[in-house]
Amino acid sequence: MKILMVLTSHDQMGDTGHKTGFWLEEFTAPYYVFRDAGADITIASPKGGQPPVDPNSEAEEALTETTRRFQQDAHAKESLASTKKLSDVDMNEYDAIFYPGGHGPLWDLVNDDKSIALIKTAYEQDKVIGAVCHAPAVFKNVEVKPGQNIVGGREVTGFTNSEEEAVGLSGVVPFLLEDMLKENTATYTRGDDWAPHIVVDGKLITGQNPASSEGAAKAVVQALQEA
């Protein structure tokens, strides 16, 4: 199993002056699910090198078993600090592509031509595509046929409007993820706010929020094992 994990390189929360990036637990939980399943993992980002971690995800109340494991894991920290540039990545070399969330992807990955091309290639080659929390934003501009978005007619989930409201960022984000998915004719489903909710539609796998990251990653592994 060769899995490509793609992280944001964007570190500014709009024009608020606050920092953002990727959500640490949404990277560490899937990373260890993949690694413990024996997968070969490559981490990439638009700019390469160390991607920005959302400082809120390093706060004491946001820490989890996997984020603590990561802090003691020199190999994992080195891998994260030296991500490949997206422009140097070839989807032909991987069996799956997985996007951890955080608010950063709403600004950079959503419009990143290379990211869009990687997702299209994965789709055309019938590979497993996963995204959790805010990361389904990366599907916004992925057309698989003229006028048809990759999520069109598919069942998906992602960070809910009410969760965005709860964190006070509805007016800051460039778009609301739930609305975008519905506008692209996805069948959007959700669980309770902050509760795990994972949706598997063929080889398209999405998780609603940070609590869904481990389950989404396990679904990716299962899909790979069944392929």
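**Lys2 and its contacts**

I began with Lys2 and looked up what it touches: leaving aside neighbours within four places in sequence, Lys2 is in contact with Asp40, Glu93, Tyr94, Asp95 and Ala96, where contact means heavy atoms within 4.5 Å. I note that this is a predicted model, in which local features need pLDDT of at least 70 and side-chain atom pairs count only at pLDDT 80 or more, while totals for chains, interfaces and linings use all residues. Residues are numbered from 1 along each chain as its sequence is written, and side-chain values use heavy atoms, with hydrogens and water left out.

Lys2 lies in strand β1, residues 2–6; helices (H or I, at least four residues) and strands (E, at least two) are DSSP runs, numbered from the N terminus. At 33% relative accessibility I list Lys2 as partly exposed, a class that falls between buried, under 20% relative accessible area, and exposed, over 50% (1.4 Å probe, protein chains only). I also looked up Lys2 with Leu86, and found them 84 residues apart in sequence and 16 Å apart in space, C-alpha to C-alpha.

**Ala62**

Next I turned to Ala62, which sits in the loop between β2 (40–45) and α2 and is buried, with a relative accessible area of 13%. Not counting residues up to four places away in sequence, Ala62 touches Trp23, Asn56 and Ser57. Ala62 and Leu24 are 38 residues apart in sequence, and their C-alpha atoms are 8.7 Å apart in space.

**The largest pocket**

I then looked up the largest pocket, whose volume is about 370 Å³. The search runs on a 1 Å grid over the protein atoms alone, and a pocket is an open set of points where a 1.4 Å probe fits, with protein on both sides within 12 Å along at least five of seven lines; lining residues have an atom within 4 Å of a point. The volume is the space filled by probe spheres set on the points, which are joined across faces, edges and corners.

Of the 23 residues that line this pocket, the closest to its centre are Trp23, Asp54, Asn56, His103 and Val167. I recorded the lining by class as 11 nonpolar, seven polar and five charged residues.

**Salt bridges**

How many salt bridges does the count come to? I find nine, taking a salt bridge as a side-chain nitrogen of Lys or Arg within 4 Å of a carboxyl oxygen of Asp or Glu.

One of them joins the side chains of Arg35 and Asp73, at 3.0 Å from N to O. Arg35 lies in helix α1 (residues 24–36) and Asp73 in the loop between α2 (65–71) and α3 (74–81), so the pair ties together parts that are 38 residues apart in sequence. Arg35 is partly exposed at 30% relative accessible area, whereas Asp73 is buried at 9%.

Another is formed by the side chains of Glu178 and Lys182, 2.7 Å from N to O. Both lie in helix α6 (residues 177–183), four residues apart, about one turn of the helix. Here Glu178 counts as buried at 8% relative accessibility, and Lys182 as partly exposed at 44%.

I also looked up Lys19 and Asp11, whose side chains meet in a salt bridge at 3.4 Å, N to O. Lys19 is partly exposed at 43% relative accessible area, and Asp11 is likewise partly exposed, at 28%.

Key. Ala, Val, Leu, Ile, Met, Phe, Trp, Tyr, Cys and Pro count as nonpolar, Asp, Glu, Lys and Arg as charged, and the others, Gly among them, as polar.
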